[in-house]
Each structure stands twice: as C-alpha cells, then as structure tokens.
Amino acid sequence: TLFVYVSAGYVVFSVVCITLIASRRRFHLQLSLQVCADIVFIVVLMFASGGISSGLGLLLLSGLAAAGLISRGRLTLFYAALASIAILFEQTVRVLYYFGDTAQYVQAGLLSIGYFTTAWVAHTLAKYLVATEQLAAQREIDLANMAEVSELVIQDMQDGVLVVDENGVIRQYNMRAEQLLGPLHKQRRVH
C-alpha cells in the first residue's frame with residue numbers, strides 16, 4: 001500500500017511541476033525542489049519495494065544527468081550527494097529496523113559512486129555546452145561585423161558589384177552596379 005500511495009503522490013507532484021515549469025519563475029529553485037522530491041519519492045518507493053535490490057535506485061541516474069545538463073552544472077554534485085545520502089539512509093533504516101542484509105551496503109555504495117560519476121559527467125558536459133554557446137555567440141558577432149565591413153567595402157568600390165546566390169537571387173549590389181544595370185532589387189532573380 002505504501003508503494004501505491006507514494007506512486008500516486010509522485011504522479012500528482014509531477015503534474016503540478018509540469019504546470020509550474022511553464023511559468024519559468026525561479027527556475028533553479030523549481031529544479032532543486034523537483035530533484036529533491038525525485039530523490040525522496042524514489043527512495044521511499046525503493047524502500048516499499050524491498051530496498052536496494054529492487055533496482056529503483058537506478059532511476060535517479062537519469063534524473064541526476066538531466067538536472068546537471070539543464071542547470072548547466074550548478075548543484076549537480078550536491079544532488080548526487082543528496083541521492084547518495086538518501087540511498088545509504090534507506091539501507092541503514094532497513095538494517096536497523098527491518099533486519100536487512102548488511103552486505104547490501106556494497107550495492108548502495110556502488111550506486112552512490114554511479115550517482116557521483118553521472119553528476120560529474122553531466123557537470124563536465126554542461127561546462128562544454130556553456131563554452132560552446134559563448135563561442136557561437138562570439139562567432140555570430142564576428143560574422144555580423146565582417147558582413148558590415150564587406151557591405152561598406154562593396155558600396156565604396158568604383159566598379160559595379162552584384163552578388164547573386166546559387167539560385168540567381170540578388171543578395172547584394174552597389175550603386176555603380178545599379179547605374180550600369182538599371183534599378184535592382186534584392187530578392188529579385190537574375191537570368
């Protein structure tokens with residue numbers, strides 16, 4: 001019954017989160033709340049399913065990776081630490097109060113290592129993603145500057161210049177070309 005009630009609560013919480021995410025207000029707070037709730041719900045489901053051997057702890061791997069990428073690496077290792085503490089706490093409760101097997105601490109430890117490894121990889125990928133976005137933004141600025149310089153150079157040339165793409169559409173021309181060829185309009189096809 002615990003599994004059913006927690007599953008239903010998890011579904012309701014997920015629906016509420018989906019509606020809140022559309023507002024995009026306090027995004028990082030929402031993300032942290034969702035990751036923490038994922039950890040709690042999955043660990044309680046794991047407890048209700050027989051512990052670490054249920055395999056439900058693996059569900060947190062994808063959540064940690066996604067949170068790391070979405071948050072651009074912020075708090076990723078913190079989320080992994082929370083998940084590890086929750087898994088180890090669940091195993092400790094099982095051993096102390098429900099006579100669980102102490103040998104399963106090895107599985108819990110390995111799963112915790114998996115959490116940190118996933119978080120570290122997501123953090124590293126997020127750093128590369130941020131660097132790539134910054135480089136693309138700089139390249140966009142450089143390209144716009146080069147296009148502006150090109151436009152100025154073409155306009156100041158004494159010869160007529162007509163730039164046509166592969167479909168024969170005029171993309172650029174200068175005043176001298178217009179004097180030689182008559183009125184020209186960009187986006188007009190040249191035959």
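Me: Which residues do ring pairs link into a cluster?
Reply: In this predicted model, ring pairs join Y10, F13 and F41 into a cluster. The whole structure holds four aromatic pairs.

Me: Why is the pair of F13 and F41 called tilted?
Reply: The ring centres of F13 and F41 are 5.7 Å apart and their planes meet at 45°. Because F13 belongs to helix 1 (residues 2-21) and F41 to helix 2 (residues 27-48), the pair ties together parts 28 residues apart in sequence.

Me: What makes the pair of F47 and Y98 edge-to-face?
Reply: Its planes are at 65°, and the class requires an angle over 60. The centre-to-centre distance is 5.4 Å. F47 lies in helix 2 and Y98 in helix 4 (residues 76-98), so this pair ties together parts 51 residues apart in sequence.

Me: Why is F47 called partly exposed?
Reply: The relative accessible area of F47 is 25%. Buried would need under 20% and exposed over 50%, so F47 is partly exposed.

Me: How do you know that the span of helix 3 agrees with its number of residues?
Reply: The 12 residues of helix 3 (residues 59-70) should span 16 Å at 1.5 Å a residue, and the end C-alpha atoms are 17 Å apart, which agrees.

Me: How do you know that the buried residues of helix 3 line one face?
Reply: L60, L64, A67 and G68 are buried in helix 3. Viewed down the axis, the buried residues of helix 3 fall within an arc of 100°, so they line one face. They pack against helix 2, helix 4 and helix 5 (104-156).

Key. Residues numbered from 1 in each chain as written. Predicted model: local features only at pLDDT ≥ 70, side-chain atom pairs only at ≥ 80, totals over all residues. Heavy atoms only, no water. Phe/Tyr/Trp six-rings, centres within 6.5 Å; stacked < 30°, edge-to-face > 60°. Helix = DSSP H or I, 4+ residues; strand = E, 2+ residues; numbered from the N terminus. Buried < 20%, exposed > 50% of the residue type's maximum accessible area, 1.4 Å probe, protein only. Expected span 1.5 Å × (residues − 1). Arc of directions from axis to C-beta. Contact = heavy atoms within 4.5 Å.
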